Amino acid sequence: MTILFLSTHLQAYKPVDRFTISCGTTIESFDDERTWTGDTNSNLFLSHQDGTVSANATTQSPSSNQGPYTTARLSRSQFNYSFPVSPGPKFLRLFFYPASYPYFPRTDASFTVHSNQFTLLNAFNASLNADAEKTKTVFKEYIINVDGDRLNLSFTPSQPNSYAFINGIEVLSMPGDLYYTSANDTGFKLVGSDTPFGVRTNTALQTEYRIKVGGQGISPRNDTGLFRNWAGHDEDYLIKGKAPESNGQPGDLDSKMNITVNPDYVAPKELYRTARDMDTNATRNKTLKLTWVFPVDSGFTYMLRLHFCDPYPTSNNTSDRKFFVYIGSELAEDQAGVMGWSQKQNGLAVQKNYAVLIPKNDTQRKVNLFLQMQPYASSSNAFLNGVEIFKISEAGSNNLAGPNPQNDMPLQERKRSSKTVRIVVAGVVSGVVLISLVVYFIFLSGISKRCPLLVFWRTKSKSKSTLTNKFWAHSWDSSDLLCHRFYLVDIKAATNNFDKASIVGVGGFGDVYKGCFHNGGYPVVVAIKRLKASSKQGTEEFLNEIEMLSQLRHRHLVSLIGYCNNSKEKILVYRFMTRGNLRDHLYGTKKPPLPWKQRLQICIEAAHGLHYLHSCAAKHAIIHSDVKTTNILLDENWVAKVSDFGLSRIGPMGTSEAHVSTTAVKGSFGYLDPEYCNRQHLTVKSDVYSFGVVLFEVLCARPPLIHTADPKQESLAKWVKHCYQSGTMKHIVDPTLKGSISSECFALFCNVGLSCLSEVGNQRPSMNQVIATLQAALQLELRNEASSSH
């Protein structure tokens with residue numbers, strides 16, 4: 001619980017560090033809020049100023065004709081800023097005017113923004129964001145803790161023909177306890193969990209919403225010295241009920257009321273002079289809720305700060321005006337009572353913090369975060385004065401970047417900077433998919449102009465191809481099935497005629513070669529999997545993997561580039577994973593052992609890939625059916641990707657008990673679901689069982705089966721259960737990890753692993769639940785690490 005009380009001396013905050021930079025100019029300007037200083041010839045540039053361009057937009061809208069929006073700094077290569085600051089948390093505010101600039105078309109802007117160790121934006125398309133928000137300008141606010149004496153900022157174009165730009169930058173110091181949880185504070189409620197949550201200084205925040213409820217907004221100059229913008233019009237997010245009394249009524253408190261905010265920089269007093277509450281009919285209110293809906297990026301944890309000041313100070317009864325608070329459709333606060341929180345101090349503003357994890361949803365760019373207030377049975381009303389919502393950076397990756405909005409413009413209207421490839425497609429396809437298709441086509445056309453591109457479009461007529469048509473019966477939503485057919489001569493050239501020195505792996509399918517194609521002279525490294533004649537996996541698995549991966553695109557699934565299929569050879573071509581498979585980093589090789597946090601992050605990422613298969617890839621769940629550490633590959637950045645879909649099957653969506661009946665059990669010994677072995681019923685929970693084995697393989701650094709071991713220790717799954725029951729779990733942990741795992745993280749990790757290994761499938765968690773638990777375990781580990789460093 002976060003409650004801020006009265007102090008004897010109230011004073012607005014005065015920032016120690018403050019930079020307000022208008023980019024691409026030498027002129028100082030004022031916009032009624034701030035004085036802006038030009039960056040040209042400024043010592044704030046860390047490097048690469050010579051490669052940038054200063055320019056005015058070719059057209060200037062009325063909303064962007066002052067302040068930082070009149071000029072921009074642009075470049076087709078990376079450029080950086082570096083701000084000398086004192087240690088501590090800082091507001092970082094970025095201002096963009098996505099217009100066309102001389103020689104820089106509006107739609108070509110796509111870039112990544114980093115600040116210190118955090119990724120703030122990734123492949124950010126400012127014009128798409130502005131169009132989606134129906135605004136001329138784009139504003140982003142972040143909170144970053146600086147450990148040293150510099151806040152660094154880099155802008156990097158995402159593609160060879162794209163550019164980066166920025167119009168304005170503001171850096172402002174802030175109180176250390178405003179949004180970060182102090183080291184000696186256990187934190188606040190994580191909705192849906194009994195584990196408290198804290199926002200630690202090793203994370204960054206992005207402001208998603210800051211709203212004054214029930215009234216007009218508050219401009220930055222009327223803030224508490226922190227120049228925050230408090231938007232009004234909360235009704236834009238309010239769900240209108242069927243009955244008028246459920247809509248929520250804006251309240252305007254007596255402007256003469258004595259309001260106390262402590263510390264005074266937390267929020268301006270004006271925030272608490274309006275509220276939205278329900279009407280006075282207690283009977284009707286018991287069945288109604290005040291409900292706001294906020295679109296947010298999935299896959300992140302969010303902090304919500306709710307602001308309250310009781311608008312009826314004449315009541316001293318703490319049982320009056322109690323209400324329930326729901327966040328993300330889960331109960332966050334039972335019988336919330338502002339008078340009780342303020343200890344009956346009339347006019348004292350209080351704030352409550354909550355955290356909520358929004359699971360990853362790969363089918364939607366934005367998902368809805370619900371905030372609801374419902375009167376308690378013995379009360380008559382519920383109310384809210386203000387709300388702030390912050391996205392919290394991902395643990396491990398330090399990422400805050402979400403996806404761009406979807407562009408629904410027809411293909412014929414899209415402009416392409418590259419003239420090397422022309423694609424003609426009938427119909428309307430989403431902009432993001434089309435961009436990836438164009439990049440893919442360019443890459444493949446450069447490899448071999450003799451080879452036809454094999455593209456399947458799901459239409460009423462059946463497509464003809466060398467692949468079987470069995471997938472059409474499954475009614476897939478995806479309309480773009482893409483794969484490239486290579487000729488054998490290209491494969492031989494890439495592998496130096498299957499030189500044994502190029503072999504980087506051996507599996508049930510056959511040998512895996514490291515190969516190289518040349519795209520316009522640029523080397524493209526690939527993994528080439530060659531089916532051997534003696535392989536138990538045959539043509540069915542070969543075609544199955546092509547058809548599966550042709551339809552799947554996800555950050556944590558391996559990318560299939562193409563295939564070769566003739567009377568002599570069956571070959572699959574993938575993007576090469578530089579770091580190899582997960583098992584090789586756990587045991588059996590001379591590679592250095594992975595630290596615990598990295599192992600945990602890899603598990604989370606692999607779980608995301610499986611969750612996508614089970615719940616998000618199509619109308620039908622996809623069961624991988626061969627989950628193991630050798631099928632979790634790692635790219636050059638240690639990002640985990642699930643691979644090998646030769647045994648995958650399509651199952652019904654919507655229930656974990658739905659199964660695919662098989663005549664033979666296929667998979668890898670040591671990972672096989674007991675129910676699958678006994679009944680030949682394959683379900684998504686079969687993958688969950690296998691993933692449970694993977695989790696303990698990661699923890700213990702030993703194979704799933706050791707035939708030469710004591711019978712009790714032969715099976716890793718059975719040995720783990722035995723050790724858990726006997727209380728000796730810590731004795732089987734990888735010796736290289738001893739002393740590096742906090743007890744809380746260890747307990748949570750073991751609990752979710754053992755839940756996955758349940759003998760009964762429907763008692764196992766879903767992969768989404770596994771992700772949430774592993775992310776909570778990682779947060780506990782990071783929090784323990786942060787507290788130990790103080």
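Predicted model: local features only at pLDDT ≥ 70, side-chain atom pairs only at ≥ 80, totals over all residues.
Select Pro263 to begin. Pro263 lies in the loop between strand 18 (249–252) and strand 19 (274–277). Strands (E, at least two residues) and helices (H or I, at least four) are DSSP runs, numbered from the N terminus.

Residues are numbered from 1 along each chain as its sequence is written, and side-chain values use heavy atoms, leaving out hydrogens and water.

Next, two residues with a positive phi. Most residues other than glycine have a negative phi, and most peptide bonds are trans. Select Lys134, in the loop between helix 1 (126–133) and strand 11 (138–146). Its phi is positive, about 55 degrees, although Lys134 is not a glycine. Lys134 is exposed, with a relative accessible area of 75%. Exposed means over 50%, buried under 20%, and partly exposed in between (1.4 Å probe, protein chains only).

Go to Trp638, in the loop between strand 37 (632–634) and strand 38 (640–642). Trp638 has a positive phi too, about 65 degrees. Trp638 is partly exposed, at 23% relative accessible area.

Now pick Asn167. Its loop runs between strand 13 (164–166) and strand 14 (168–173). Is Asn167 buried or exposed? Asn167 is buried, because its relative accessible area is 0%. Show contacts (heavy atoms within 4.5 Å). Beyond four places in sequence, the contacts of Asn167 include Cys23, Pro68, Phe96 and Tyr101. Thr71 is another residue in contact. The side chain of Asn167 reaches the backbone oxygen of Thr71 at 2.9 Å.

Move to Lys529, in strand 32 (residues 522–531). An unreviewed UniProt entry places the feature "binding site" here, at Lys529. UniProt positions follow the numbering used here, feature names are shortened, and annotations may be inferred rather than shown by experiment. Lys529 counts as buried, because its relative accessibility is 9%. Beyond four places in sequence, Lys529 is in contact with residues including Asp511, Glu545, Lys570 and Asp644.

Last stop: select Ser625, Tyr671, Leu672, Ser686 and Ser690. Among the 13 residues that line the second largest cavity, these are the closest to its centre. A cavity is a set of points on a 1 Å grid over the protein atoms alone where a 1.4 Å probe fits but cannot get out, and lining residues have an atom within 4 Å of a point. Helix 9 (residues 684–700) gives the largest share of this lining, three residues.

Note on methods:
1 Å grid on protein atoms, 1.4 Å probe; cavity = no way out; pocket = protein on both sides within 12 Å on 5 of 7 lines; lining within 4 Å. Polar contact = N/O pair within 3.5 Å; in protein donor to acceptor, adjacent residues only side chain to side chain.
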